Amino acid sequence: MRFMAFASRTTKEILRDPLNLIFGLGFPLVILFLLSFIQSNIPVDLFEIKHLSPGIAVFGLSFISLFSGMLIAKDRTTSFLMRMFASPLSASDFILGYTLPLLPMAILQSMVCFIAAIILGLTFNINILMALVVLIPTAVLFIGIGLLAGSIFNDKVVGGVCGALLTNLSAWLSGTWFDLNLVGGTFKAIAEAMPFVHAVDAARAAINGNYANMFPDLWWVIGYAVVIMVAGIWVFRMRMKG
Amino acid sequence: MTPAIKAIDLSKKYKDLIAVDTLDLLINKGELFALLGLNGAGKTTAIKMLCCLLPPTSGDAVLLGDSIIKQPTAVKQKINISPQETAVATNLTVKENLELIARFYGSSRSEARTKADAKIQSFGLADKANAKARTLSGGMQRRLSIAMALISEPEILFLDEPTLGLDIAARRELWKVLRELKGKITMVLTTHYLEEAEALSDRIGIMHQGKLKALGTANELKKQTHKQTFEDAFLTLTGMEALI
């Protein structure tokens, strides 16, 4: 159970950084309120709260990669990880310690997003709980990206890759801000080959109660989550071996 | 004397580079051993192998009866390290940092708390016990780093440049701590401050280009090289005398 001590440290490090709270919770909420305000003045189907909230929830989850990636990269660059690697903790203790606390954080983050959406008019029903469950593979995907990025890059590069590139890519290619059919062509093909639009579509299907329509989108997300997580674990273990 | 560390033909090779070349070394229990050398001499690689952080290309080392290759977990339970940079969890308090390391080495929550309190007292950190590590001065962070290395009650402690970047007062304060530990635990120290090695260590090993070039007390090394000062002896043994 040594990983529990490490997991507790991960939780404290992330929650005690005010920037994490601002970006992880504050920023997606501001966007949700802003786009809902726009929608109330100039009605756009895409920004209807039922349509918008799953997209914002996925966007919010993309910051989880930044949190975990930065923590791992900082630990490596400050030799904190060297101290840890010299301790009797096993590779699985580290991986669980870094990743496990992020899952409840991600679920809590999505809950806050949907509570805000309820305030803005989303009907509270069982479908919201289903959407929270459907977003779990997406959370695992972003946790895996953080593990992978933190194991490969230093904290400055992680800031660029996860903080700027990933959050933007996952937003633009998710069909949240604009309908991908409006762009079409290669852009749409690239977006559909990536997991983000599938994550949003699966959550939208759940919110709408069309559970059968969650697939195959959810399979895309689960597939990506498994591959990225396995790659992250493999690279982290390689790092451990020096 | 009982050996605490016995390295046998320990080597590390990276493609064309031999970082550590067939290192044979015996360090006794309770000894404070300084491992010196110029940058790139192989000290850090040797320490990393002894701490099970890096697998050797060939050879082995036995730490208190356990092999770094065959029983790395048993070795890790008996050792601890204070890395070159102050490796502390910045958003955790001084007390939380200490408790965290104690728990990694198997202490229960309450045992960890008791041990942390004891280390806070003995390292003069009581005023800062609830302060976040990132708010501490460099000297205080280094002190915390060493307290974290000692909280697991290691039988062997590796200190990689423990006084690097510290002012003279903080350095002397740390020397006092290390002197108090002498004889109680085995310590392996790497440092670029030659006067530090001379003042603190029982024996000194000098590495050059991956090989252990010389071994002995500071006085023995001065005699061996016919030099008046340890600094001159060091320069001779590392082949730098002719260049300076």
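Contact here means heavy atoms within 4.5 Å.

## What you're looking at

This is a predicted model, where local features need pLDDT of at least 70, side-chain atom pairs count only at pLDDT 80 or more, and totals for chains, interfaces and linings use all residues. Residues are numbered from 1 along each chain as its sequence is written, chains are lettered from A in the order written, and side-chain values use heavy atoms, with hydrogens and water left out.

## Around Phe236(A)

Skip the neighbours within four places in sequence, and Phe236(A) is in contact with Ile72(A), Leu81(A), Phe85(A), Phe94(A), Ile95(A), Tyr98(A), Leu147(A) and Ser151(A).

## Where B meets A

On the chain B side, 33 residues are in contact with 23 residues of chain A. Together the two chains bury about 2,400 Å² (accessible area lost on being put together, 1.4 Å probe, summed over both), and carbon and sulfur atoms give 59% of that. In chain B, the residues losing the most area to chain A are Leu53(B), Asn91(B) and Phe104(B), together 26% of what that side buries.

Two salt bridges (a Lys or Arg side-chain nitrogen within 4 Å of an Asp or Glu carboxyl oxygen) are counted between the chains. One of them joins Glu96(B) to Lys12(A), with the closest N and O atoms 3.6 Å apart.

H3(B) gives the most to the side of chain B that touches chain A, with six residues; helices here are DSSP runs (H or I) of at least four residues, numbered from the N terminus.

Technical notes:
Helices (H or I, at least four residues) and strands (E, at least two) are DSSP runs, numbered from the N terminus.
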